[in-house]
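Student: Please give me a close look at the side-chain links in this structure. Start with the sulfur pairs, then go on to the charged ones.

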Amino acid sequence: DVKVTQSSRYLVKRTGEKVFLECVQDMDHENMFWYRQDPGLGLRLIYFSYDVKMKEKGDIPEGYSVSREKKERFSLILESASTNQTSMYLCASTPVGTSGSLYEQYFGPGTRLTVT
Amino acid sequence: GNSVTQMEGPVTLSEEAFLTINCTYTATGYPSLFWYVQYPGEGLQLLLKATKADDKGSNKGFEATYRKETTSFHLEKGSVQVSDSAVYFCALSAPSYKLIFGSGTRLLVRP
């Protein structure tokens with residue numbers, strides 16, 4: 001079974017702090033994604049990465065950055081946390097391929113971040 | 001651009017009732033379609049999928065049929081259980097292995 005783990009389930013940080021959210025997958029997937037989930041808005045893509053050291057902006061990258069130094073690990077960084085970044089953050093991964101079924105994304109359990 | 005529209009929730013049903021959660025999409029080309037489920041306190045997990053028109057995805061008693069003529073992928077279950085209470089997300093595939101998600105529909109099943 002594919003396993004995607006996230007470093008924390010719950011996190012409380014203060015405004016202005018630098019925050020690191022870590023995600024690790026164990027299935028050698030090339031593609032990894034960071035989403036935030038907010039009520040009524042569904043999942044919105046922040047950043048994704050299709051290879052080590054490669055990254056692309058998603059729909060809402062402002063205030064975030066990412067790092068992918070190893071294939072299995074994808075980090076989301078909040079350079080200076082703000083209260084409007086209070087949210088649930090979900091990491092996902094998927095392999096590369098040509099079959100439509102390979103678009104299936106495998107999700108971690110999520111990190112609920114509260115910025116006070 | 002590509003998008004997914006789901007019915008707003010919450011949907012509240014009694015146990016053993018019939019469930020329909022509507023999902024329509026806008027897309028160019030021939031995307032794959034997915035339903036994901038999120039149980040309380042957990043991440044999303046794939047419930048079912050369909051990769052081409054007229055395909056029916058099914059799992060755990062849930063079904064959805066890829067209808068290209070109506071651009072729909074409605075989720076159905078004949079008899080819901082309390083354990084089906086969760087948030088359900090419809091999604092479609094997009095370039096670069098991305099998924100576009102709907103806003104989610106919360107289902108609450110009462111005993």
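Tutor: A disulfide here is a pair of cysteine sulfur atoms within 2.5 Å. Keep in mind that the model is predicted. Searching the whole structure turns up two disulfides over all chains.

Take chain B to begin with. Cys23(B) and Cys90(B) are joined by a disulfide, with an S to S distance of 2.0 Å. The torsion about that S-S bond is -70°, and the link is left-handed. Cys23(B) sits in strand β4 (residues 23-26) of chain B, and Cys90(B) sits in strand β10 (residues 86-94) of chain B, so the link ties together parts 67 residues apart in sequence. Both Cys23(B) and Cys90(B) are buried.

Now chain A. Its disulfide runs from Cys23(A) to Cys91(A), S to S 1.9 Å. The S-S torsion of Cys23(A) and Cys91(A) is about -75°, so this disulfide is left-handed. Strand β3 (residues 19-25) of chain A holds Cys23(A) and strand β9 (residues 87-94) of chain A holds Cys91(A), so the pair connects parts that are 68 residues apart in sequence. Buried means under 20% relative accessible area. Cys23(A), at 0%, is therefore buried. Cys91(A) also has 0% relative accessibility and counts as buried.

Next, the charged pairs. Side chains of opposite charge can pair when their charged atoms come close. Over all chains, the search finds 11 salt bridges. One of them brings together the side chains of Glu79(A) and Lys18(A), at 3.5 Å from N to O. Glu79(A) is in the loop between β8 (73-78) and β9 of chain A, while Lys18(A) is in the loop between β2 (10-13) and β3 of chain A; the two are 61 residues apart. Glu79(A) is partly exposed at 42% relative accessibility. Lys18(A) is partly exposed, with a relative accessible area of 45%.

Another salt bridge pairs Asp28(A) with Lys71(A), whose closest N and O atoms are 3.1 Å apart. This pair links distant parts of the chain, 43 residues apart: Asp28(A) lies in the loop between β3 and β4 (31-38) of chain A, and Lys71(A) in the loop between β7 (64-70) and β8 of chain A. Asp28(A) is exposed, with a relative accessible area of 52%. Lys71(A) is partly exposed at 25%. Salt bridges with shared partners join Asp28(A), Glu30(A) and Lys71(A) into one network.

Chain B has a charged pair to look at too. The side chains of Asp55(B) and Lys52(B) form a salt bridge, 3.3 Å from N to O.

Terms used
Residues are numbered from 1 along each chain as its sequence is written. Chains are lettered from A and ligands numbered from 1 in the order in which they are written. This is a predicted model: local features need pLDDT of at least 70, side-chain atom pairs count only at pLDDT 80 or more; totals for chains, interfaces and linings use all residues. Side-chain values use heavy atoms; hydrogens and water are left out. Helices (H or I, at least four residues) and strands (E, at least two) are DSSP runs, numbered from the N terminus. Buried means under 20% relative accessible area, exposed over 50%, partly exposed in between (1.4 Å probe, protein chains only). A salt bridge is a side-chain nitrogen of Lys or Arg within 4 Å of a carboxyl oxygen of Asp or Glu.
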